[in-house]
Amino acid sequence: MLPVNPDRFLADLHHLRSIGASGVGKGVVRPAFSDPDITARKWLADQYRDIGLEARFDPTGTVWGLAEGKSLLIGSHSDTQPEGGWLDGALGVICGLELARAGAEAGVPISTVSFQDEEGRFGVTTSSRIWGGLTSLEDADQLTDTQGITFADARSRLSDVMGDFPDPSRFKGFIECHIEQGPWLDKAGEAAGIVSGIVGIRDMRITFTGEQNHAGTTPMHMRKDAFRGLLRYQELIADRFRNLVVPETVWTTGHVELHPGSHSIVPGRCTFSMQWRDGDKQRLKQMEEVVRLSIDDVASELGLKASTSDMLGIDPVPMDDGFQAALARGAEAEAPGKWRKMPSGALHDAASVAAHMPVAMLFVPSINGISHAFEEDTAEDDLVTGLKILAHAAEELGR
């Protein structure tokens with residue numbers, strides 16, 4: 001096992017938390033390219049230099065700590081949601097920092113990274129998708145946040161320190177440690193989860209268009225209420241998915257817009273999001289067929305018109321078998337009988353990095369399954385156990 005220092009690791013994790021601390025519990029507000037985000041990245045760069053690593057900002061604002069020669073890469077992201085927790089992403093970044101320190105002490109080359117905009121101020125795992133070749137920097141530069149600021153404008157804030165992208169061939173593989181962001185490990189009293197794969201995602205917008213009319217004078221039987229389309233659609237897919245999905249499958253409507261949005265008007269248009277996630281590419285395709293069939297059936301049944309946006313498609317990404325096995329040996333050494341293999345229902349930078357190299361992920365418990373909230377937390381003993389599991393795997397894979 002690499003000679004990690006748990007006290008130093010926890011001190012660094014709490015220092016990173018202090019950069020952008022919300023003032024509410026352990027919450028953090030450190031969105032991509034905000035002042036706290038830039039401060040945190042420059043602090044990380046200083047830590048990397050102190051270890052003897054090359055500290056490099058790439059053109060997207062990702063900060064790298066690069067060891068000489070061929071090395072194992074460990075890290076995650078340090079940006080947060082607008083109201084974020086202190087561990088989402090940050091845990092993996094500080095694990096990378098501590099393991100790079102321990103690797104330098106033991107003569108095992110470990111590089112580390114904090115990817116930029118994983119949380120989606122502009123896109124989806126923006127900087128790692130660019131480095132992974134899944135989208136171009138030119139296309140990403142056109143992305144805008146909710147205030148209309150472009151990715152190009154935001155990343156210009158770091159233009160004075162930006163260098164080149166590192167060559168992926170310099171790395172042996174990538175490991176990302178993360179809080180589970182779900183309830184299963186915490187409920188089971190288990191210390192770690194070894195990720196078998198990251199689920200695929202399909203995401204689209206659906207619009208039903210009916211007839212806008214007066215809410216007080218339009219008889220119920222004559223209405224073409226677009227909102228009824230949403231209600232009937234939800235009923236249909238819940239029934240039709242029943243014999244298709246598995247317990248890990250999820251689907252969500254998280255955003256709804258009614259037009260014109262008045263208490264006294266029958267809505268003439270309803271646009272809503274539809275997202276579904278599963279680890280099986282074929283099942284994702286079958287779910288899409290059900291979604292599209294249900295849209296058509298609702299429109300026909302209720303006399304509405306229907307349309308859809310382009311669909312975002314991110315395919316499932318399996319984790320490397322050899323890297324999983326190394327993490328399993330570390331888990332059995334540090335938490336015998338208290339770990340499991342499990343899929344990741346959330347998207348992570350590892351999914352992008354897999355385009356270049358073997359990848360693996362390690363989960364530690366989230367108390368009550370809470371994440372993307374100020375209340376997000378994990379017991380420090382569990383954080384240290386995760387670090388030690390990584391230290392076993394990193395020594396084995398990094399030599």
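Phe227, Leu231, Val256 and Leu258 form a nonpolar surface patch with about 310 Å² of accessible area together. Two elements, α8 (226–240) and β10 (256–259), each give two or more residues to the patch. Patch members have over 30% relative accessible area and no salt bridge, with like charges joined within 9 Å and nonpolar side chains (Val, Leu, Ile, Met, Phe, Trp, Tyr) within 5 Å. Leucine 258 lies in strand β10 and is partly exposed, at a relative accessible area of 38%. Buried stands for under 20% relative accessible area, exposed for over 50%, and partly exposed for the range in between (1.4 Å probe, protein chains only).

The model is predicted, so that local features need pLDDT of at least 70 and side-chain atom pairs count only at pLDDT 80 or more, while totals for chains, interfaces and linings use all residues. Residues are numbered from 1 along each chain as its sequence is written, and side-chain values use heavy atoms, without hydrogens and water.

**Overall chain**

The chain has 12 helices and 17 strands, taken as DSSP runs numbered from the N terminus (helices H or I, at least four residues; strands E, at least two). Buried residues make up 52% of the 399 residues. The chain exposes about 16,700 Å², of which carbon and sulfur atoms supply 48%, by the Shrake-Rupley method with a 1.4 Å probe; for residues, only the protein chains shown count as cover.

**Salt bridges**

The structure holds 23 salt bridges, each a side-chain nitrogen of Lys or Arg within 4 Å of a carboxyl oxygen of Asp or Glu. Three of them are tabulated.

| Pair | N to O distance |
|---|---|
| Arginine 56 – glutamate 54 | 2.9 Å |
| Arginine 121 – aspartate 145 | 2.8 Å |
| Aspartate 278 – arginine 283 | 2.8 Å |

Arginine 121, in the loop between β4 (110–115) and α4 (126–131), and aspartate 145, in the loop between α5 (137–140) and α6 (151–155), are 24 residues apart. Arginine 121 is partly exposed at 26% relative accessibility, whereas aspartate 145 is buried at 10%. Arginine 56 counts as buried at 18%, and glutamate 54 as partly exposed at 37%. Both aspartate 278 and arginine 283 are buried. A network of salt bridges links Arg8, Asp12, Glu98, Arg101 and Glu105.
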